[in-house]
Amino acid sequence: SKREIKMRKLDSTKVRPLKTEQLLHIEDHDFALRPGFGGSPIPVGIDVQVESIDSISEVDMDFTMTLYLRHYWKDERLSFRSNKNKSMTFDGRLIKKIWVPDVFFVHSKRSFIHDTTVENIMLRVYPDGNVLFSLRITVSAMCFMDFSRFPLDTQNCSLELESYAYNEDDLMLYWKHGNKSLSTDEHISLSQFFIEEFSASSGLAFYSSTGWYNRLFINFALRRHIFFFVLQSYFPAMLMVMLSWVSFWIDRRAVPARVSLGITTVLTMSTIMTGVSASMPQVSYIKAVDVYLWISFLFVFLSVIEYAAVNYLTTIEERKQLKKRGKASGMYSMDAVQAMAFDGCFHDTDVDMDLSPFPEPCEENETRASQTNISNTDTPRLKRKRSLKGNVGRIILQNNHVIDTYSRIIFPSVYIVFNFFYWGLYI
């Protein structure tokens, strides 16, 4: 009757299926079950196009990748008649009404499907029931890195795909086109890494409670660019080590100059080592950069210890000489090192030290000495002035300790040998 027809039109709970749903017979099947349920496992082909590798984090030991993930399978329940044998393409709204593979990323930390301006999902159905399901996804996954050779290292990372619910008895994952199933954008580049290779592989994963699962691997090797670390760590460390050697050519009695130079290089090396460690994970093993920086720090530290030994031995030697000449005794006598520390002037061991408790300034001493006409040619002070004017380098060599002489050869030679073995071992 007309009344019953009107009541049916007003009933909002009964909605007629869409035209596409009628064409695919979605209402006639239970898509909660996989295709061929109860029979042989359904094969699901996978191919991946990597759009970009967005970041590599050494601290978090992970990487972020954006890719196009495509699934291929056949579901005869979705077959339809087509005179021109053309496929139909749908967006993400149809996904919730049919069966799709439940592929997930193993060891992933974060992942999402892009949804600007709409969800980046495509579903293409062919008349014979073959289905193409494509997603654009950004995923952050773990990468188990080994930093024992950092920064001269090569890291091997992989993104792993697997079905969450269906084991190998229900679903068989495989690469659709073999090794050609994995393609990359030609313009992929990273600031600190060079991408050596991309490869696809497959295997099985076993879980004690659920069984065996097919697993697909996207493998890629990353080789680190060394030039950045050469500029930021290695080259400054080399300069600090060579700068510490300058003290071997400074007069052994110039205590402030040699001590300040040694302390400055030690503090600078500590700053370089702290900066490198701050950008790295706190691993329990020694990295290659740690070996180089610690050895460099040892060379700088030994240069400071070397001068401590020189200064100590020089003091003992001069005191022995003064005792032999009978000038070490007396209330107001002082040796060359003490005089240097008191008035800031250089004193030869051959020069008689001023016995007054308050020596006059250097300039006054020199003026007074120039005005004194006693023994013009035999005075040791005049001899020292002439030698300084004539050959400064020879005087510096004579006034350096034998340890300084050997250090000028031993320190650079050992450091060069160390660099030779270091770069030969890690490169």
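**Helix packing, strand pairing and local backbone features**

Helices H3 and H5 cross in a left-handed sense (left-handed: the near helix is turned anticlockwise from the far one by less than a right angle; right-handed: clockwise). The structure is a predicted model, in which local features need pLDDT of at least 70 and side-chain atom pairs count only at pLDDT 80 or more, whereas totals for chains, interfaces and linings use all residues. Residues are numbered from 1 along each chain as its sequence is written, and side-chain values use heavy atoms, with hydrogens and water left out. Helices (H or I, at least four residues) and strands (E, at least two) are DSSP runs numbered from the N terminus.

- The axes of H3 (residues 227–244) and H5 come within 9 Å and cross at roughly 15°; axes are lines fitted to C-alpha atoms, for helices over the stretch in contact, and angles run from 0 to 180 degrees between N-to-C directions.
- H3 and H5 are therefore roughly parallel (under 35 degrees; over 145 is roughly antiparallel, 65 to 115 roughly perpendicular, and the rest oblique).
- From H3, the residues Ser233, Tyr234, Ala237, Met238, Met240, Val241 and Ser244 meet Ala288, Val289, Tyr292, Leu293, Ser296, Phe299, Val300 and Ser303 of H5, where contact means heavy atoms within 4.5 Å.
- The contact of H3 with H5 comprises 11 nonpolar, four polar and no charged residues (nonpolar: Ala, Val, Leu, Ile, Met, Phe, Trp, Tyr, Cys and Pro; charged: Asp, Glu, Lys and Arg; polar: the others, Gly among them).
- The axes of H4 (residues 255–278) and H5 (residues 288–324) come within 10 Å and cross at roughly 165°, which makes H4 roughly antiparallel to H5.
- The crossing of H4 and H5 is left-handed.
- The contact of H4 with H5 involves, among others, Val255, Arg258, Val259 and Gly262 of H4 and Val289, Leu293, Trp294 and Glu306 of H5.
- In that contact of H4 with H5 there are 15 nonpolar, five polar and two charged residues.
- H5 also packs with H10 (residues 402–426), at an angle of about 175° and with the axes 12 Å apart; H5 and H10 are therefore roughly antiparallel.
- The contact of H5 with H10 has 18 nonpolar, four polar and two charged residues.

**Strand pairing**

- An open sheet of four strands runs in the order S4-S8-S12-S11, with antiparallel pairing; two strands pair if DSSP finds at least two bridges between them.
- Strands S4 (103–106) and S11 (193–207) lie at the edges with a single partner strand each, so one side of each has no neighbour in the sheet.
- From one strand to the next, the twist averages 25°.
- S4 pairs with S8 (residues 154–163) in the antiparallel sense over four bridges, and Phe104 has Glu162 in S8 as its bridge partner.
- S1 and S9 pair in the parallel sense over five bridges, with Trp175 in S9 as the bridge partner of Ile46.

**Loop residues and backbone geometry**

- Most residues other than glycine have a negative phi, and most peptide bonds are trans.
- The peptide bond from Thr116 to Thr117 is cis, with omega near 0°; Thr117 lies in the loop between S5 (108–113) and S6 (121–125).
- Phe150 and Pro151 are likewise joined by a cis peptide bond, with omega about 0°, and Pro151 lies in the loop between S7 (130–142) and S8.
- Met61 is not a glycine but has a positive phi of about 55°; this residue sits in the loop between S1 (42–57) and S2 (62–74) and, at 24% relative accessibility, counts as partly exposed.
- His107, in the loop between S4 and S5, has a positive phi near 65° and is partly exposed, with a relative accessible area of 35%.
- Ser247, in the loop between H3 and H4, is buried at a relative accessible area of 4%.
- Leaving aside neighbours within four places in sequence, Ser247 is in contact with Arg258 and Leu261.

Conventions
Buried < 20%, exposed > 50% of the residue type's maximum accessible area, 1.4 Å probe, protein only.
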